[in-house]
Amino acid sequence: MIFAEFFFVIHGNTPFPWQQMLADREEWPEAIDLPTASGKTACLDAAIYRLATGKPMPRRIWFVVDRRIVVDEAHERALRMARALCDKPELKAIADALRAFGDGECPLESPLAVARLRGGTWRDDSGWSRDPRQPAIICSTVDQLGSSL
């Protein structure tokens, strides 16, 4: 499955050309500097797709920004992706590749864990913090990340 298909199954539209290029690159860039409303949150989709298809990518994807509302929107996007990986038959191969970060005898229960760390919300550590093999997206404010460290 190519990235555009993965993206369409989850979101119902196609990625911007720069998002496709990000998913296809050999290496993840050190910085992504784009203007507001250019679709930077879709970097989460590209990162998970890259991880599932064997491109160099860490298992823990941190999305850290200084605005709570942006953290909440990124968290919702990550949850939508996690649900699609579990519910959409078209994404079974991607979900299985993520679950395979477990091992043959003990594959991971969930293909993708999602967490939100920011002030004013309940912190849920179920899964992502207990098993270092678990692919995860963690959305956080800058302040909460510093506080958690």
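Tutor: Rings of Phe, Tyr and Trp (its six-membered ring) pair if their centres lie within 6.5 Å. This model is predicted, and the structure holds 4 aromatic pairs.

Student: What makes Phe3 and Phe6 a tilted pair?
Tutor: The ring centres of Phe3 and Phe6 are 6.2 Å apart, and their planes meet at 35 degrees. Planes under 30 degrees apart count as stacked and over 60 as edge-to-face, with the rest tilted. An angle of 35 degrees falls into that remaining class, so the pair is tilted.

Student: Where do Phe3 and Phe6 sit relative to one another in helix α1?
Tutor: They are 3 residues apart in helix α1 (residues 3–11), which means about one helical turn separates them.

Student: Why is the pair of Phe3 and Tyr49 called edge-to-face?
Tutor: Their ring centres lie 5.3 Å apart and their planes are at 65 degrees.

Student: What does the pair of Phe3 and Tyr49 tie together?
Tutor: Phe3 belongs to helix α1 and Tyr49 to helix α3 (residues 43–52), so the pair joins parts that are 46 residues apart in sequence. Both partners are buried. Ring pairs also link Phe3, Phe6, Phe7 and Tyr49 into a cluster.

Student: How do you know that α3 is largely enclosed by the rest of the structure?
Tutor: Count the buried positions: 10 of the 10 residues of α3 are buried, so the helix is largely enclosed. Among them are Cys43, Asp45, Tyr49 and Arg50. The buried residues of α3 pack against several elements, including α1, α2 (17–24), β1 (60–65) and α4 (68–87). Just after α3, Gly54 takes a positive phi of about 85 degrees.

Student: How many disulfides does the structure hold?
Tutor: It holds 0 disulfides. A disulfide would need a pair of cysteine sulfur atoms within 2.5 Å.

Student: Which residues does Trp18 touch?
Tutor: Trp18 is found in helix α2. Leaving out residues up to four places away in sequence, Trp18 touches Ile32, Leu34, Ser38, Gly39, Lys40 and Cys43. Trp18 and Ser38 are 20 residues apart in sequence and 9.7 Å apart in space, C-alpha to C-alpha.

Student: How do you know that the buried residues of α5 line one face of the helix?
Tutor: The buried residues of α5 are Ile94, Ala95 and Leu98. Seen down the axis of α5, they fall within an arc of 100 degrees, so they line one face. On the other side of α5, Lys92 and Ala93 are exposed. The buried residues of α5 pack against α1, α3 and α4.

Student: Where is confidence lowest, and where is it highest?
Tutor: It is lowest in helix α6 (residues 142–148), at a mean of 67, and highest in α1, at 97. The mean pLDDT of the protein is 86, and 84% of its residues reach 70 or more.

Methods: Residues are numbered from 1 along each chain as its sequence is written. This is a predicted model: local features need pLDDT of at least 70, side-chain atom pairs count only at pLDDT 80 or more; totals for chains, interfaces and linings use all residues. Side-chain values use heavy atoms; hydrogens and water are left out. Helices (H or I, at least four residues) and strands (E, at least two) are DSSP runs, numbered from the N terminus. Buried means under 20% relative accessible area, exposed over 50%, partly exposed in between (1.4 Å probe, protein chains only). Contact means heavy atoms within 4.5 Å. pLDDT is the predictor's confidence in each residue, from 0 to 100. The arc is that of the directions from the helix axis to the C-beta atoms.
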